[in-house]
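Here's a quick tour of a protein model, written for someone new to reading structures. Keep the 3D view open and follow along.

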Amino acid sequence: MPSSSTIARYEDYLRVELRLAPMSVETYVREVRGYLDYLQATGKSEATCTADDVSEYIAERRRDLDVRTISKTMSGIRSLHTFLVVDDVRADNPAELVERPRPPRKIPEVLSVANVDAFLSAIDHSGPFGLRDRALFELIYSCGLRVSEAVDLIPGAVSIPERLVRVRGKGGKERLVPIGDAAAQWLSEYLQRGRPFLLRPDRLTDRLFLGRHGLGLSRKGIWKRFKEIAVRAGLEAKVHTLRHSFATHLLQGGADLRTVQELLGHADISTTQAYTHLDKDDLQKYHHTYHPRG
């Protein structure tokens, strides 16, 4: 019978041993709870279930979910059984015998350099909030940051003279990323003429980017500001598109894949390879130039 103790120990394992990001922990625990409920309802146990039991559960889930979500479910189940082996609950991991459905690799959506410039130029930087937005989005594009990484930044992580930012990525892994001149300039402006006006003495915070109430700007707050600015610029995009654009523009400019992997903080270079695509205009141009019948 699945117990709250199993889930609690598993959650501690994800947070303390694997040092996963809070949202990843939440996703894994949610998927595992559904799996354990299924085992209980079918009279089975996580300590004795087999690969067939895992397959049957995945088959049921496939009726309502897409391949990408099923892949996440499988990751959670494998992680749980790995924990149960570590915790001496069982000696094997039955989920390792079940093939994980592979989601189709999607080409990331990317803004052109001109569209990135249009987006950044659409920010009204006449006040402290505008200075914050310009510094924030310049930094995300300049360094290829995830939204969660931008949210967690503190002023001490940024060295404008050295043009470096210390980023804490997935799993708590840190990396140093260079800051471009434009981002450094806007960060300096924000730190001098923006952030001091957003601070509130009754709500002290160590976050770099602050919201209306003097606390750290949230992920939701960043998404909302990006959407408003994108509409003003006449663009259809998501905030993560800036990270995609950062990687793609580097590769198109001649950067090698391994360097871009380090800058993005990818554990596996195959993840970075998604950015090696060429946009439609490039493909047409190269075909026209180099094909004998182009």
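Helix axes here are lines fitted to C-alpha atoms, over the stretch in contact, and angles run from 0 to 180 degrees between N-to-C directions. This is a predicted model, where local features need pLDDT of at least 70 and side-chain atom pairs count only at pLDDT 80 or more, while totals for chains, interfaces and linings use all residues. Residues are numbered from 1 along each chain as its sequence is written, and side-chain values use heavy atoms, with hydrogens and water left out. Helices (H or I, at least four residues) and strands (E, at least two) are DSSP runs, numbered from the N terminus.

**Helices that cross**

- Helix α1 (residues 4-17) and helix α4 (residues 67-86) have axes that come within 10 Å and cross at roughly 95°.
- α1 and α4 are therefore roughly perpendicular to each other, a label that covers 65 to 115 degrees.
- On the α1 side, the contact (heavy atoms within 4.5 Å) involves Thr6, Arg9, Tyr10, Tyr13 and Leu14, and on the α4 side the residues include Gly76, Ser79 and Phe83.
- Sorted by class, the contact of α1 with α4 has 6 nonpolar, 4 polar and 1 charged residues; Ala, Val, Leu, Ile, Met, Phe, Trp, Tyr, Cys and Pro count as nonpolar, Asp, Glu, Lys and Arg as charged, and the others, Gly among them, as polar.
- Helix α2 (residues 22-41) also meets α4: their axes come within 8 Å and cross at roughly 80°, which makes α2 roughly perpendicular to α4.
- Tyr28, Glu31, Val32, Tyr35 and Leu36 of α2 touch a set of α4 residues, among them Lys72, Ile77 and His81.

- Look for 3 strands in an open sheet, in the order β1-β2-β3 with antiparallel pairing (two strands pair if DSSP finds at least two bridges between them).
- β1 (158-159) and β3 (174-178) are at the edges with a single partner strand each, so one side of each has no neighbour in the sheet.
- Strand β2 (residues 164-168) is joined to β3 by 5 bridges, and Val165 has Val177 in β3 as its bridge partner.

**Who lines the second largest pocket?**

- Its lining has 13 residues, with Arg132, Gly211, Arg212, Leu217 and Gly221 nearest the centre; a pocket is an open set of points on a 1 Å grid over the protein atoms alone, where a 1.4 Å probe fits, with protein on both sides within 12 Å along at least five of seven lines, and lining residues have an atom within 4 Å of a point.
- α10 gives the most to this lining, with 4 residues.

Conventions: Parallel < 35°, antiparallel > 145°, perpendicular 65-115°, else oblique.
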